[in-house]
Each structure stands twice: as structure tokens, then as C-alpha cells.
Amino acid sequence: MSPALEIIGLEKTYANGLQALKGIDLRVENGDFFALLGPNGAGKSTTIGVICSLVNKSAGTVRVKGVDIDENFPAAKRHLGVVPQEFNFNVFEIVEDILIHQAGYYGIPLKTALQRIDLYLEKLGLADKRHTRARMLSGGMKRRLMIARALIHEPSVLILDEPTAGVDIEMRRSMYEFLREINAAGTTIILTTHYLEEAESLCRNIAIINHGKIVTNTSIKNLLRELHREIFILDSREPLPQDLAVDGFTVSRKDDYCIEAQIEQGQDLAELMARLHNKGVSIISMRNRENRLEQMFVSLLEQAS
Ligand code: ADP
């Protein structure tokens, strides 16, 4: 089966010459809950804009459920529900009408549309706002209305650009619960965020984007493991023995006098030193090599502040 989303060599240069995407490759499998994480200005919204055809790409290929957006955008669009960052409904319209019009746009019979409106307004905590004018809704409610509207044609892939921006903590929790529920029922979800915690609590897989490039693409589990891994460089007084294996630890020989050791969360460096000592290796100096990802997150935080 085709993946939910496939992006190959995506580039975008804006009219002012700014290269926002510098060759992005991404693949999101069906049923995944996927995070695109990056600081402000990294290129997340540009990527989403290209997928839903709001932004013209400069190069590359985008396929949604195997459908190339250049070849048949209407077919790709049917698979997609997109919740952009900016509210783009008519704020003078009544909530229910916004949803009915969207359903009409997709050719959904009114009876079915009304059933779905019942369901999604209820699930998103907006049932009592059904007959309210959209401009009367709070920011968080508007965001939830955008989600209801994106789901009205029951797309198999839901893409949300910073879904919790401006949403208070209580509502955030219920939004998470709802997203987990529709993901469990089979909808592939892709969200952008600049909070690792958000990706961590919701998603299975993650790509980190910075300056228009994907810097990491892995499972959340692996990412967290890598984030918590420390790497030490140990120097030995004497030339190292050939066999350096220490049960339970990852150690490798850099040269005749130097060892690189990975210490996972919960492992004890002192124990490694003692075990090396038992092998006749005396360590005379040691330094901590900075974790690549940790370094990156520190620089992301510095940029964000
Ligand atoms: P993110 O969503 O990760 O915050 P964006 O995709 O919005 O990042 O922006 C990526 C880069 O492209 C930023 O440097 C931003 O200023 C720039 N950019 C976004 N939209 C435009 C535009 N319409 N014209 C020129 N530059 C843009």
C-alpha cells in the first residue's frame, strides 16, 4: 500500500529569494502519528503549505496516499484534512453553516453531513456553539472548529499545523485525547510543533526540521534514547588490550590509548570504569563529548528565546 505521505527532494524558494526548504525527504506510513518538530522559521508551515497546495513548490514531489499532487490535486485533497495555523473561515458565518458548506464542497449529502457535524462538535466540545457566529468563539474554540471542518469529509490523513497554539492546558488535554482516538480508529495524523513534549506525548515517529532541512527522522523512542545518551572519551595510561568488550556497555576503541563509551540513562560510568580496571585498563583522563541532539536542542532553544 502507498504510504500516507511521501515527500521527495522538496525545495521552496520564496519570491524574495529566501530558500525556506532545501531538499526535504519524508515518508509517513499509514496509521502513523507523526511529528514535524522545529523552531520558528524552520520551514514547517511552508512544508504543510506545499502539501495542501497553498504554496507553490520550487522542486520536488509530494504524494498523498500515492497520488502525486501535481498530477491530480483534487484526488490527493480528498485524502487530506488540513488544519492550517491561521483561521481561514468566514467569521461572520454560523458554526454549523461553515461545516455544512465544507461538506457541500466535498459533495457529502446533507443528512450525512449533519450526522458528522453532531459527532465532531460533540467530540470537540463545541456542541453548544453550533448556532453561534464564528467570530464569537474563543481562539481555542476556533482552532477546534478548524479541526471539525478538516474532518468533515473523513480524510485518511489529517495534518495539523501547531494545533495547540493558543489553546489552554485543559482544552489541550482533551484535544490530545480526541486526536489519539481518531488515530486509533485509523486516521494518519501529522502535526507540526515546536514543543518536544507535545511530540513526545502524542507521536510515534518524528522528523526534526531546522533551516529548511530534515536533521533527524526516527521514532520518538529512539530520539529520547539518543537524547539521554552520554558519550565519554576515556584515555588510558597503557596501550589498550585488543578485547575491550564490557557486558552491558557500548565501548569502542578510538586508537591505542583512547576509548569512546556510550552511557545510557540508568547506567553508571563508575561501574564501567571499575569493569575496565578489572581488565587491566587504567583511565587517566576523561571528557564528555556533547550529545549531537542535545546540542541541537540547546541551539533550538537559544533561537526560540
Ligand atoms: P515555521 O512554520 O517552521 O515557523 P515557515 O515555513 O513559516 O517556518 O517559514 C520558513 C522560512 O520562510 C522563514 O524564514 C520565513 O520567514 C520564510 N517565509 C515564510 N513565508 C514566506 C513568504 N510568503 N515570503 C517570504 N518568506 C517567507
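Which residues surround the ligand? The shell consists of Tyr14, Asn16, Leu18, Ala20, Pro39, Asn40, Gly41, Ala42, Gly43, Lys44, Ser45 and Thr46, where a residue counts as near if one of its heavy atoms lies within 4 Å of the molecule.

## About the model

This is a predicted model, in which local features need pLDDT of at least 70, side-chain atom pairs count only at pLDDT 80 or more, and totals for chains, interfaces and linings use all residues. Residues are numbered from 1 along each chain as its sequence is written, and side-chain values use heavy atoms, with hydrogens and water left out.

The domain assignment of the protein chain gives domain 1 (5-224) and domain 2 (227-304); such bounds come from an automatic or database assignment. Taken over C-alpha atoms, the centres of domain 1 and domain 2 are 41 Å apart.

## Around the ligand

The shell has five nonpolar, six polar and one charged residues. Here Ala, Val, Leu, Ile, Met, Phe, Trp, Tyr, Cys and Pro count as nonpolar, Asp, Glu, Lys and Arg as charged, and the others, Gly among them, as polar. Helix H1 gives the most to this shell, with three residues. Helices (H or I, at least four residues) and strands (E, at least two) are DSSP runs, numbered from the N terminus.

## The largest pocket

Next come the open spaces. On a 1 Å grid over the protein atoms alone, a pocket is an open set of points with protein on both sides within 12 Å along at least five of seven lines, a cavity is a set where a 1.4 Å probe fits but cannot get out, and lining residues have an atom within 4 Å of a point. Grid points are joined across faces, edges and corners, and a volume is the space filled by probe spheres set on them.

The largest pocket holds about 330 Å³. It is lined by 16 residues, of which Cys52, Lys77, Val82, Asn88 and Gln102 are the closest to its centre. Helix H2 (73-79), strand S6 (80-83) and helix H5 (139-151) each give two or more residues to this lining, and S6 has the largest share, four residues. By class, the pocket lining has ten nonpolar, four polar and two charged residues.

## The cavity

There is one cavity of 30 Å³ or more, and the largest cavity holds about 40 Å³. Its lining is made up of Leu5, Ile7, Leu26, Leu36, Thr47, Ile48, Ile51 and Ile190, which by class gives seven nonpolar, one polar and no charged residues.

H1 gives the most, with three.
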